[in-house]
Protein chains: 2
Amino acid sequence: MGNTASDILRVGIVGYGNLGKGVEKAIKQNPDMKLIAIFTRRSPASIGSKAKVVSMDDLESYQDDIDVMVLCGGSSTDLPEQVLAVSKYFNTVDSFDTHAKISTYFSKVDAHTKAHDTLSLISTGWDPGLFSMARLLGQSILPEGEDYTFWGKGLSQGHSDAVRRVQGVKNGVQYTIPIDSALERVRSGENPVLTTAEKHQRVCYVVPEEDADVQAIENVIKRMPNYFADYETTVHFISEEELKQEHATMPHGGIVFRSGTTGSGAKQRIEFSLALESNPEFTASVLVAYTRAVGKMAKQGQTGARTVLDIPLAYLSPKSDDELRRTLL
Amino acid sequence: MGNTASDILRVGIVGYGNLGKGVEKAIKQNPDMKLIAIFTRRSPASIGSKAKVVSMDDLESYQDDIDVMVLCGGSSTDLPEQVLAVSKYFNTVDSFDTHAKISTYFSKVDAHTKAHDTLSLISTGWDPGLFSMARLLGQSILPEGEDYTFWGKGLSQGHSDAVRRVQGVKNGVQYTIPIDSALERVRSGENPVLTTAEKHQRVCYVVPEEDADVQAIENVIKRMPNYFADYETTVHFISEEELKQEHATMPHGGIVFRSGTTGSGAKQRIEFSLALESNPEFTASVLVAYTRAVGKMAKQGQTGARTVLDIPLAYLSPKSDDELRRTLL
């Protein structure tokens, strides 16, 4: 339905942190798209990109030049404001990921974009995003069953921040790692009840300050409520050099399971997993594929808010519907 | 978009082989659906179901009683005829899986259903179907990368038939099994070039006729062109009793990989896998979830042919859009 030969899709990026940089790179991998400009609240001259960089104050003047804006701000403070400011003039794609607030965010964006005749896809990426899609698929196909989500092996930003705030810690990172025995129990089809702590272990690599009491650091980390106290936690002390050498990238991933039974009692399992060397670049690549979808839907005159659950997969592809049927079905 | 509180969806089944039986069971797992009748070309009295069984000759008279018909005939001869006969009066869902003919089948069904104001979803199930969706997702998100599909461990109907046709074979089954070292190479991110034969081994369990020359049987199987000659093939001879005890179910499954790189050269891998104790029951469960989607889309007045690539995932779920956003995103 969505696919016809079309012009190049003109894309803008709002915000230039790790995600915005990833979007810039991902657009280069898609020959049917073109980056028109990066918009920033910082001084445009301070942005290290060869693309055109424009102040957010000049946003409105690009209205006729950009088909879809990719919003790359953070969920806690940037996006709730950014999405309203930008979707007043542009179709948008964002990765709003504060799970508990998505429903409210959707309603606000839906009303706003309908009033301004624009289209906004919210909360895409991999979780929320691809993992949400895997959960929906699993629940719908196997109504009698259980969902399981495992995260990792991956660098957790929030937990790394918590480690770095501990007294005596100079630097550090934290990895969330699925526990193999829990994975095995899920794969066996026994449908166990598992808390997040029973599914994951937490491994910290900490650079202590000179003369710091490493035993005290380890104790504080392991006893930290919510973050570590309930988990199997390991703390390794390393040098600043080793941290830079071995822990500078942002890997992540995870697995969504649906384990259920069909009519005769047959056990059936659906598994969707990601193994990512760069979390921000992968998230950016998901956003860019959905940018194509938003471009097509906006061209049809669609307005309002959408999530990944509302969008036919064919819209993500640069191929025509007939080519998709011939090559993928 | 697709989800509002709604009446019970009234479903019919056409054809009552393994797939039709699976659909009957799957409908029972979905309280928002009701099986109205099973339609058959055989004598209705010969069908062992507690549901209402009706002759295909009386199909038309059920036009006002059924929202969606699930077509459970075989792809080679049944479906191409069945889909035209039934979609004249009803919205349909089918599992047409002759990959090379899907594009033509789609065009025919599309023209026919548009002329008759009905809606037909074709070629759903898991391959084509869920695996097609996984391939599309992978290609769209990681345009620089490779696809890999592994099938199994699973009972292959076509290969089992081929084994049973060998002289001196009384009975037998064949399993297609992914080769671990090939899986490992794909997971390593090296993006190897692999033929189907390099990805799969074939394992046969054969019951020989009394006094048959088992060495001759093994040779004929292993040298059979297309089916076995190119593959690592193992032949085990077993008793009829062991065959019935150990090989009476129809397990299957497989894995679709997309292994690619993003901007900085980071390796990223998407993996979608199925482990199924009953292939026909799982396929039936996929058809039934898509039956719900067809019911919703038909209610909106949509007509014509569709594939799984054209349908937003939200349509598969009995939950409202707001509930989906609150619980899955």
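## The annotated domain

UniProt positions follow the numbering used here, feature names are shortened, and annotations may be inferred rather than shown by experiment. With that in mind, an unreviewed UniProt entry places the feature "domain: Meso-diaminopimelate D-dehydrogenase C-terminal" at residues 125-278 of chain A. The model itself is predicted.

Over residues 125-278, the chain is 32% helix and 35% strand. The end C-alpha atoms of this stretch are 13 Å apart.

## The whole chain

Chain A holds 11 helices and 14 strands. Its C-alpha trace spans about 65 × 60 × 35 Å along the principal axes.

Buried residues make up 58% of the 329 residues. Among contacts with a separation of 6 or more, 68% join residues 24 or more positions apart. The chain exposes about 13,800 Å². Carbon and sulfur atoms supply 46% of that area.

## A look at Lys52

A:Lys52 sits in the loop between β2 (33-40) and β3 (53-55) of chain A.

Neighbours within four places in sequence aside, A:Lys52 is in contact with A:Ile36, A:Ala37, A:Ile38 and A:Tyr62. With A:Tyr62 there is also a polar contact, side chain to side chain, at 3.3 Å. A:Val214 lies elsewhere: 162 residues apart from A:Lys52 along the chain, with 48 Å between their C-alpha atoms.

Notes. Residues numbered from 1 in each chain as written. Chains lettered and ligands numbered in written order. Predicted model: local features only at pLDDT ≥ 70, side-chain atom pairs only at ≥ 80, totals over all residues. Heavy atoms only, no water. Helix = DSSP H or I, 4+ residues; strand = E, 2+ residues; numbered from the N terminus. Contact = heavy atoms within 4.5 Å. Polar contact = N/O pair within 3.5 Å; in protein donor to acceptor, adjacent residues only side chain to side chain. Buried < 20%, exposed > 50% of the residue type's maximum accessible area, 1.4 Å probe, protein only. Areas by Shrake-Rupley, 256 points an atom, 1.4 Å probe, with all protein chains shown as cover.
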